[in-house]
Amino acid sequence: YTLMRGSKGNSGSSSRPYHTVNVGLLFRSPLDVGVKITRKGVFTGLGRFLNRKIYVRFPGNREFDGMIAATADDTLAAEAYFSNPDIQSSIQELLAMQGDITITDHGIRMSKRGKTLSQEQALPYMDAMASIAEQL
């Protein structure tokens, strides 16, 4: 488990600094399918058009498919990993939490604005991430 805190940056055109808190979990071994799963956003459709990436659709759960944007180099392998209803349910629970969630071949990361995150605040994220990792 990795807890990183207090990375500084500039927010757009403003010169005011901001901080992000990151909580991450690395998988024991990479998935090697070139997957990236994030929460679906306002510009997801535009990104699909502009990037011409291969977006993955996971069969069986329209609600899950509707809340994520997923790309993969090997779509069949990605579908095999993430089509399990238990994994989809665990990912939905994690996405229901605040913060930007990203799942890749190497692990899961949550980023959100703030200077610190207490152990009590980080624990639910880590539990949800561990639940997903254990099922993969």
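A residue is called buried when its relative accessible area is under 20%, exposed when it is over 50%, and partly exposed in between, with a 1.4 Å probe and protein chains only. The model described here is predicted, so local features need pLDDT of at least 70 and side-chain atom pairs count only at pLDDT 80 or more, while totals for chains, interfaces and linings use all residues. Residues are numbered from 1 along each chain as its sequence is written, and side-chain values use heavy atoms, with hydrogens and water left out.

The chain has five helices and six strands; helices (H or I, at least four residues) and strands (E, at least two) are DSSP runs, numbered from the N terminus. Along the sequence their order is β-β-β-α-α-β-α-α-β-β-α. Of the chain's 136 residues, 37% are buried. A contact means heavy atoms within 4.5 Å. Among contacts in the chain with a separation of 6 or more, 64% are between residues 24 or more positions apart.

Helix α5 covers residues 119-135. Several residues of α5 are buried, including Tyr125, Met129 and Ile132.

Ser90 is in helix α4 (residues 85-95), and Ser90 touches Ser131, Ile132 and Gln135, leaving aside residues up to four places away in sequence. Ser90 counts as buried because its relative accessibility is 9%.

On a 1 Å grid over the protein atoms alone, a pocket is an open set of points where a 1.4 Å probe fits, with protein on both sides within 12 Å along at least five of seven lines; lining residues have an atom within 4 Å of a point. The largest pocket has a volume of about 320 Å³, a volume being the space filled by probe spheres set on the points. Of its 13 lining residues, Leu26, Phe27, Arg28, Ala133 and Glu134 are the closest to the centre. The elements that give two or more residues to this lining are β2 (17-26) and α5, and α5 gives the most, with three.

What is the place of Asp32? Asp32 is in the loop between β2 and β3 (36-39). Asp32 is exposed because its relative accessible area is 64%. Its phi is near 60°, a positive value in a residue other than glycine.

Conventions: The expected span of a helix is 1.5 Å times one less than its number of residues.
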